[in-house]
Amino acid sequence: MLTRRRFIATGAAAAGVTATGYAAWRVLVSDQVEQATAPSTSSTATTTPPRPPRTLVVVQLSGGNDALNTLPPADGRYRDARPTLAVPEAELVALAGTDQWALHPSLAPLASRWQDGTLAAVAGIGFDEQSRSHFAALDTWWSALPGQARTTGWLGRWLDATTGSGDPNPLRAIALGSGSP
């Protein structure tokens, strides 16, 4: 049986293998691309080194995440909202640079990523004019078009719109699972 934990572990392993393969591919191909595009005359002009590629990772855990237990507010609302479920305050992991939020103790390994600026969190997001329908909210999240159910998602539409933008990466996007468009 595929549990959430096994899915995440398998996904993380697949992402690691993919990233390693892509990095190796970039190293192998970059020399060929540089040779093919290099000017035929030597130049002493300096160039700005290229910026490292940026990666967007979207992890969607449908139905099992309680945001108040993942990123609890540090101002007492957490205890008020979850008096019997709240993790004891002494066990919460402090986040550098903010006294508004903390991390659940299970997420302690992410605190160093927060510290070095490679992790961010968007807390308390929502939609205007909520219908209070779980299904309508999912349609809005997946499509980025409030009130309009679509068969394509915002990430897929962005990928379609930017195809041919010069990125030769054959693994430009990877989706595991089939739960969202």
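Modeller: Glu89 forms a salt bridge with Arg79, and their closest N and O atoms are 3.7 Å apart. A salt bridge here is a side-chain nitrogen of Lys or Arg within 4 Å of a carboxyl oxygen of Asp or Glu. This is a predicted model, where local features need pLDDT of at least 70, side-chain atom pairs count only at pLDDT 80 or more, and totals for chains, interfaces and linings use all residues. Residues are numbered from 1 along each chain as its sequence is written, and side-chain values use heavy atoms, with hydrogens and water left out.

Colleague: Which parts does the pair of Glu89 and Arg79 tie together?

Modeller: Glu89 lies in the loop between α3 (77-81) and β1 (93-94), while Arg79 is in helix α3, so the pair ties together parts that are 10 residues apart in sequence. Helices (H or I, at least four residues) and strands (E, at least two) are DSSP runs, numbered from the N terminus.

Colleague: Is Glu89 buried or exposed?

Modeller: Glu89 counts as exposed at 53% relative accessibility, and Arg79 as partly exposed at 28%. The cut-offs for relative accessible area are under 20% for buried and over 50% for exposed, with partly exposed in between (1.4 Å probe, protein chains only).

Colleague: How many salt bridges does the count come to?

Modeller: The count is 2 salt bridges. Arg77 and Asp75 also meet through their side chains in a salt bridge, at 3.0 Å from N to O. Arg77 is partly exposed, with a relative accessible area of 47%, and Asp75 is exposed at 53%.

Colleague: New topic. Where is Asn69, and what does Asn69 touch?

Modeller: Asn69 is in helix α2 (residues 67-70) and is buried, with a relative accessible area of 16%. Not counting residues up to four places away in sequence, Asn69 touches Tyr78, Leu85, Ala86 and His104. Contact means heavy atoms within 4.5 Å.

Colleague: Which side chain is joined to Asn69 by a polar contact?

Modeller: That of Tyr78, at 2.7 Å. A polar contact is a pair of N or O atoms within 3.5 Å; within protein, one must be able to donate a hydrogen and the other to accept it, and residues adjacent in sequence count only if both atoms are side-chain atoms.

Colleague: And Thr140, buried or exposed?

Modeller: Thr140 counts as buried, at 11% relative accessibility. Thr140 lies in helix α5 (residues 134-143). Leaving aside neighbours within four places in sequence, Thr140 is in contact with Phe127, Leu145, Pro146 and Gly147.
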